[in-house]
Amino acid sequence: MNALQIILVFVVAMLAGMEGILDEFEFHQPLVACTLIGLVTGHPREGIMLGGSLQMIALGWANIGAAVAPDAALAAVASAIIMVKGLGSTQSTDVVIKSAVAVAVPLSVAGLFLTMICRTIAIPIVHGMDKCAETANYRGIDGLQIAAILMQGLRIAIPAMALCAVPADVVTDALNKMPAWLSGGMTVGGGMVAAVGYAMIINMMASKETWPFFYLGFIIATISNLTLIALGGIGIILAVLYIRLKDMAKAGGGSSNGGTGDPLGDILDNY
């Protein structure tokens, strides 16, 4: 990477780290972060491919109560940098991307440690904001708020710069020395990890009302003539039909007749 690319990677890493807290423009999502890093480093196609693979995993990551999800921002940025440095190896692009996906999962768990440090440091910052509020020091509150957000950005930017400092030869040599059984295992493992994201989403959404749609979706997906756009259109149509049936059941007084207002649920309850 040249100096300009490293500066742009730093900017993307800062945005990804800050968006992990702000959650407004979704820069921390793997599909966005990896695509941007691929774009600024001259590998947009590979960045999109890596981001799409990681996004399938990150779909199931969510903060629930006190449980903090793995750090998608660090996983996306770090794995994208590793992928860019490894594209010059003798390994195929697919193997390099799969290797980056495999590295992303432990990186996301390691990111939890950095998140814990930042949130611990944020405690005195909050107390400082309380003191500023007591004296109506709005400028001080804004300054501490900006400092806390920038700290979250540096949480991703500093590891990203450390990876940029690693010579590309080191990464390419490591990939070149990778035996066939390991690269093949990375490819298989990367494909299996993507299924984990789907499984986590299904585990959160699954109910007796939605299971028929899951089964129907898998059956329709086996039709080779249907594109992803066609499958998405079918999904939208099914969702609209379900909502309309639900509204009709409520309008028809389904609840007063012993129903729940959910037509599919009432049908399934009879079996």
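What covers the buried residues of helix 1? The structure examined here is a predicted model, in which local features need a pLDDT of at least 70 and side-chain atom pairs count only at pLDDT 80 or more, whereas totals for chains, interfaces and linings use all residues. Residues are numbered from 1 along each chain as its sequence is written, and side-chain values use heavy atoms, with hydrogens and water left out.

The covering of the buried residues of helix 1 includes helix 2 (30-40), helix 4 and helix 6. Helices are here DSSP runs of H or I with at least four residues, numbered from the N terminus, and buried denotes under 20% relative accessible area, exposed over 50%, and partly exposed the range in between, computed with a 1.4 Å probe on protein chains only. Helix 1 itself comprises 20 residues, 3-22, and spans 28 Å from its first C-alpha to its last, close to the 28 Å expected at 1.5 Å a residue, the expected span being 1.5 Å times one less than the number of residues. The buried residues of helix 1 are Q5, V9, V12, A13, M14, A16, G17, M18 and E19. An α-helix has 3.6 residues a turn, so residues three or four places apart point the same way. At the N-terminal end, helix 1 is capped by N2, of which a side-chain oxygen lies 3.2 Å from the backbone nitrogen of L4. After helix 1 comes D23, with a positive phi near 55 degrees.

The loop between helix 1 and helix 2 contains E26, which has a positive phi of about 65 degrees although it is not a glycine; with a relative accessibility of 28%, E26 counts as partly exposed. A positive phi of about 60 degrees is likewise found at A136, also not a glycine, in the loop between helix 5 and helix 6, and A136 counts as partly exposed at 45% relative accessibility.

The largest nonpolar core has 33 residues, and those with the most contacts inside it are L50, L54, V77, I81 and M83; such a core is a set of buried Ala, Val, Leu, Ile, Met, Phe, Trp, Tyr and Cys residues joined through side-chain atoms within 4.5 Å. At least two residues of this core are supplied by each of helix 1, helix 2, helix 3, helix 4, helix 5 (93-134) and helix 6, and helix 4 gives the most, with ten residues. A second, separate core has seven residues, among them C118, I125, I141 and M151. In soluble globular proteins, nonpolar side chains tend to be buried together.

Neighbours within four places in sequence left aside, M83 is in contact (heavy atoms within 4.5 Å) with E46, G47, L50, V96, I97 and A100. S79 is found in helix 4 and counts as buried, because its relative accessibility is 0%. Not counting residues up to four places away in sequence, S79 touches L50, L54, L74, A100, A104 and L107, while its side chain reaches the backbone oxygen of A76 at 3.2 Å.

One salt bridge is found in a search of the whole structure, a salt bridge being a side-chain nitrogen of Lys or Arg within 4 Å of a carboxyl oxygen of Asp or Glu. The partners are D71 and R155, whose closest N and O atoms are 2.2 Å apart. This pair links distant parts of the chain, with D71 in the loop between helix 3 (44-58) and helix 4 (72-86) and R155 in helix 6 (residues 138-165), 84 residues apart. D71 counts as buried at 7% relative accessibility, and R155 counts as buried at 7%.

The structure also holds two aromatic pairs, for which ring centres of Phe, Tyr and Trp (its six-membered ring) must lie within 6.5 Å, with planes under 30 degrees apart counted as stacked, over 60 as edge-to-face and the rest as tilted. F25 and F27 form a tilted pair, 6.3 Å centre to centre with 45 degrees between the planes; F25 counts as exposed at 53% relative accessibility, whereas F27, at 24%, counts as partly exposed. F213 and Y242 form an edge-to-face pair, 5.7 Å centre to centre with 90 degrees between the planes. This pair links distant parts of the chain, F213 lying in helix 9 (residues 211-221) and Y242 in helix 10 (residues 228-251), 29 residues apart, and F213 is partly exposed, with a relative accessible area of 29%.

Conventions:
A polar contact is a pair of N or O atoms within 3.5 Å; within protein, one must be able to donate a hydrogen and the other to accept it, and residues adjacent in sequence count only if both atoms are side-chain atoms.
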